[in-house]
Structures are given as structure tokens and as C-alpha cells.
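Let's take a walk through this structure together. Have the sequence handy and keep the 3D view open as we go.

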Protein chains: 2
Amino acid sequence: MATIREIAKRANTSIGTVSNYLNEPSLVAESTQKRIEEAIEFFDYHPKAAARSLKSRYTHRIGLVPLISSEDNRSENPGDNAFLELLAGINTAAAENKYDILLSGATNHSDEMKTYQRLFGEGNVDGIILQGIQSEDERILFLKKKKIPFVTYGQSDLPIQYAYVDVDGGQGIIQAITHLKSLGHKRIAYITPSKSLMCTRQRWDGFVKGMDQNNIQIKDEYVIEGDFSERSGYESTKVLMNLKTPPTAVLTSNDVCAFGVIRCLKEMNLIPGKDVSVVGFDNVSISKHWQPELTTIEQPFRKIGFLLMESLLNMIQGKEEFPHKLVQPELIIRESTGPV
Amino acid sequence: MATIREIAKRANTSIGTVSNYLNEPSLVAESTQKRIEEAIEFFDYHPKAAARSLKSRYTHRIGLVPLISSEDNRSENPGDNAFLELLAGINTAAAENKYDILLSGATNHSDEMKTYQRLFGEGNVDGIILQGIQSEDERILFLKKKKIPFVTYGQSDLPIQYAYVDVDGGQGIIQAITHLKSLGHKRIAYITPSKSLMCTRQRWDGFVKGMDQNNIQIKDEYVIEGDFSERSGYESTKVLMNLKTPPTAVLTSNDVCAFGVIRCLKEMNLIPGKDVSVVGFDNVSISKHWQPELTTIEQPFRKIGFLLMESLLNMIQGKEEFPHKLVQPELIIRESTGPV
DNA sequence: TCAAGGAATTGAAACGGTTCAATTATGGCA
DNA sequence: TGCCATAATTGAACCGTTTCAATTCCTTGA
């Protein structure tokens, strides 16, 4: 394998100049550039990343640590393509900046933190992207303490400054309510997981605001505190449908929960999308193939990935300190919502 | 950040000994080990990957270049979790050997080859895992020519020696036929994509063998050359069901094609799993939630990932030259197959 | 013709590990 | 006690870049 010295020799110049050409071509005279290019071509030269990063301190890599369940559970979890789309976005921004992605799976959060420390400590990565943020995420505290540059996808409740990209979930709920109103719905129920979660709180705020904007009064009995599970959707629906005046539409906080709602409606011989409208959140891959196809709120994962990477790079390069970015979700209208 | 020299100093030993401790602790006296461990703990020391690989030539990283479609297509392609599961398997074997995974997406195969060359040329990775092998895959030729260590998931038709891990698709088809036979089926149809593909040919061989083993004669009119699309499943089924004596069971080469079969059956007012049994191939995440739930052949992606990584490491370490491994798929029996 | 100053180039030191031949310590045995 | 084999340790050279102060080259204006 050729080294920078051989390139310099063949191009009849010094290694310093070749290095300049590699990093800041404008410093090098055009005629010299030509000769260097010829030599690089001739030897099929690629500067060694190890040598480069040893001296320069930049690895040109960022770390991503997906949580990997310890058992095979292919078809269980429908979070599926979201990760791939996020990756696609991250990759796009990375490639534009000549960065690569280093992946090292972990099976739990304490593993994950060890991995972060190792990746950064060993100088494998310049920074880290965090996903699946929890309300008091210990990983955020850890990375902050270790002074490891990082961006998160989603916000925590921690009173700390850090960079994040987040979806404006409240906006999504507002869109859904507006859509339902336009179909004539006024009796709108909302199944929300515990408001101790940051994202749920945002959505709740959106719910309040959306109802207000559309001049609909929030009825306490239409608001049910559940969780993200299919079961929760099912049980909550049972309660809702047994009310004196049951709602004509149900908002949920994720698709899986909406699937539970649909199952319950079917069991009660109600036609989802006709008798009762249902809106999910996430647009997981199966929601398009559900019966009926699910109206849901989609998070733009590619864009999120792109922004995550962009923000991280800005931090690493010292251009921004703690960038905050909010992106708008999109309402995907399918069969599970219809006129009253 | 501490360096090996500071560790040596505090542990009152030489850098050579610390290096030995790091790489081959058995070379170091126990008492010395203790002191070194204390020093490492004290400084929270992590040996720098760049320095290490600069001299040792090992990066402790392998490369993976997923093809990333240029547009957002979250819920279109159900290949979804397969990649994640593969990754999980690769990651497990990687972690056991202190390896990390470097990911760098590409949008097409020529991009992909450039990426391979860069990753290996710059010394970012020790070897590469190739997926989505085609019958005359140019990437295989390229990597072979450039002497880049690699393993593929799947075989090509190229008359070259290289390492691969593959699923014994033929075995899967045999299992499916045996299952159908046990349900009383004798009129079994098979929709197969063009036999020019390696994997289709394997499956065809399995079909022939499986029918023979179960003493069923292959009827020419029950064999339809289609492709992997939903449409192909639909069209082929139309032809099959209009035969004088239509088949009672249909084998396909992937789940999406099977979905097409099911759609056609429903349109013809036939009940899939009752009037006609249908078997898919892949067990994509939605097949479990299909109507009816799809009987299909599952590829053990975790295991495949694990074997891929293991084989690659063996090659890198010179333990094996071109390991070949075949894994057995598993028949997942659900609702789309039933007694005649 | 010369001085000044910017553009281009130079080369030695530095980054933080690994490697290996050489050296020293240790234990077993006659 | 002395000798030998083996275990443990040492430290200088090296890996291939980047960095930067120093030097040379070139142009311009007086």
C-alpha cells in the first residue's frame, strides 16, 4: 500500500504539500495539484484513517448504539423500518461530510453506556446519536458528565442543556383533530399514556390546543389514561363504548394501541372507519396493511436522521453548542377515519 | 486523556509490559497485572484505536454497506426486520471478538464498490460482509480482485472461490411439501421466479426432490414461472384456478408473492387456508398479521448474521480460507395452510 | 533594481500505540 | 552453590499521517 511519502516522491513535492492537498487543496498550486492527482491515481492511494486520526483527533465516525433484544423477535416488534429510515437520513448527512457510522449493539442501557464510553474513549467516534429517550434518561447524564458530544432523538425531562431533534407531536394531534372535525366529528376521545413522559405531555398539550382551535369541548370521560400497548387500546375502548354517549372518534398515541381499539370495535360489531374513526401514531409498516388501513401520524424519520447528524457535526466542529430542532409530523389519511 | 506511558509510569513498569497486558495478559506477572489494572482504573484509560491499528494493521472493525433507496419508502418494502435481525447476529459475533460494525450506506452498486474500496483502502475495516447477492454479482469480482476479505450472504453463480453463508432453500421447500402432504394435499402448484437465479434454482431442486420424496408427481401445468412480486402471485393464481383441475395448494418463493395469491383467491371467493392452502417464503413481519396469517418459511437471520461474522473473522485471522456454511430454514405453520 | 509581502513549499516533530530483540529475574535441579 | 531454562520485562524503532514554524518563490510597486 502506498503512503503519503511515495505520493510526494512521485509528484516531486513534499509530504506536507500532499497533506495540504488532501485537506485544503486551495493551499496548493494548481500545477502541483495535477501532479499529486496523477500520483494518487497511479498508486490508487487512500490516506490511512488510523494515521490521520492519530494526529488530527478526528475519526470521521459517529456512533450509533441500537438496543438489540436478546432473543430473535423478528415479527414481534413493528418499530422496524423506522430505524432503517433514520439510518438512511443519518447516512445522507454523514456521507455529505465524509463521515461513517459506527454501530455497536447493546442489549440494555448499562451495556449501552459502557459501549459509549469505550467508543469515545478509544477514539472510535467523534460523537454519538442517542435514540429512544426516556423522561429521565440516565444516558444523557452519563454522556454529559463524560463530555462526549451527543445529540438525542427526542427530549427528556432533565433540566440540562443538550442537543436534540424532536417531532412536534402536539402538532400531529392538532392535525388529526382538525381532520376529524372536517369529517364532522365532535365526540373525540383520546387514549393517552401517563403524562409523566415528555412526548405524551407534548401530545396532550396539542390535544388541548387542537380541541380549542376547533371549538370542541374536552369531555373528561373521553380522556383515558392507558399506555402504548395493544391491550390498553382494547380495554380503553371497551370503557369508552359503554358510555351513555360514546365517542365517534378515538385518538391514540401509537399504532399498536390503535390496533387494540380496532379489535375491540370489531368485537362489538362496530365498523372502524365508519361507526367509529380511529387515528394511530407512528405509521409502522403494518398499519398500511391493517383492516381497515389505519389513518395515522407519520414521523419523518429520514429528515430526523439527517438533522441529527447535521446537528452533531455542528457541535463537533464547534459551530453550534446545543442545537434544538423540531420537525413537523404528517397526517396519513387512510380508511380508519371517515365521516360521522 | 491518559496514554500508555502514563499507565506504565503509575504501575511502575514499562510501556511494553502494559501493551502485553492489554493484548496477552498471560505474558505479564500477576502482581504486575494488579498494578496495571489499578492504573487503568485510576486514569479511566482506553487504548486509542487509531494508534493501535496504525502499527498492528488490525482495525477491529468490519464493514457493512446497506443499499439505501433514495426515497423515503418506510412502509413499502417489508424486507424490514430481516436487516435488523441480521445485524443482531453479526453484532453478537462481533462483540464476542471485540469487533465493531462500520456502516456506510450506498444508493447503488457502483457507489457500493467505491465505498468498499475506500473503507478498506483507508484502513477503516478489516473485511466486509456482502448482502443481496445476485447471480453474477460484480461486487464479488471486485472485492476478489482488490484482495479485500469478504463473506457473502447468499451464493452467486460465479465460478470463483469465496466465502459464503447461505440458507438451504431447497430444504425449506421440502419441509413445506411434506407439511402439505400430511394435510392430504397432492395437487401442489409452485410459482417460481426465473431459474436463472441461484436461490430459485436451489428451491426448484428442493421442489423436485420434495415431490419425489412424498411420491407426488409434478404436473407441468402446476408450475408457473413468475417473479417475486405481489402481482405475479395474483396473475399466476388466476391461471392456476382456471385449470380443469386446479391445485389445492400453492407454494411461492416469497411472502409478497403469496399475498398476491391470497388476494386472487379471495376475489374468486375461495377461502385461503381452507379451499386452497398457500405457503410463503421469508416470514416478513406483516405475514403474521395477514388475513389469514401466512404459513411461511423462515430464514434464521440471527444465526446467519452470526455465521457471517464468524466466517469473516476466521478468514481475517487466517484460520479458514473460504468457509462455506449452509443453514436450515424453518417452516412456520399458520392459518394459510389447512387440510384438503 | 530592490524591498515588501503574500503564496507556495518544506521537513522535522508529534500523535500513542505495537513489536521484537535484548536483558534481567526466577525457580528447579544436580 | 552454580547452571540452565524459562518467565518477565525493557525500550527503541516504527506505523503514516498532520501540524507548524521556517524557508523559498513570485509579484508588485517605488
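What follows is a short tour of a sheet, its helices and a few backbone spots.

Keep in mind that this is a predicted model. Start in chain B, with an open sheet of four strands, paired in parallel in the order β7-β6-β8-β9. At the edges you'll find β7 (223-226) and β9 (277-279) of chain B; each has a single partner strand, so one side of each is left without a neighbour in the sheet. Going from one strand to the next, the twist averages 20°.

Now zoom in on β8 (residues 249-251) of chain B, which runs parallel to β9(B) and is joined to that strand by three bridges. Here Leu251(B) sits opposite Val279(B) of β9(B).

Next, the helices. Helix α10 (residues 230-241) of chain B packs on the sheet, where it touches β6 (188-193), β7 and β8 of chain B. The direction of α10 makes about 145° with that of β6(B). Helix α11 (residues 255-267) of chain B lies across β6, β8 and β9 of chain B, and runs at about 160° to β9(B).

Finally, some backbone spots. Lys98(B) is not a glycine, yet its phi is positive, near 55°. You'll find Lys98(B) in the loop between α5 (80-96) and β2 (100-103) of chain B, and at 69% relative accessibility it counts as exposed.

Over in chain A, His60(A) also has a positive phi, near 60°. His60(A) is in the loop between α4 (49-56) and β1 (61-64) of chain A; with a relative accessible area of 29%, this histidine is partly exposed. Last stop: the peptide bond from Gln291(A) to Pro292(A) is cis, with omega near -5°. Pro292(A) belongs to the loop between β9 (277-279) and β10 (296-298) of chain A.

Notes:
Residues are numbered from 1 along each chain as its sequence is written. Chains are lettered from A and ligands numbered from 1 in the order in which they are written. This is a predicted model: local features need pLDDT of at least 70, side-chain atom pairs count only at pLDDT 80 or more; totals for chains, interfaces and linings use all residues. Side-chain values use heavy atoms; hydrogens and water are left out. Helices (H or I, at least four residues) and strands (E, at least two) are DSSP runs, numbered from the N terminus. Buried means under 20% relative accessible area, exposed over 50%, partly exposed in between (1.4 Å probe, protein chains only). Two strands pair if DSSP finds at least two bridges between them. Axes are lines fitted to C-alpha atoms, for helices over the stretch in contact, and angles run from 0 to 180 degrees between N-to-C directions. Contact means heavy atoms within 4.5 Å.
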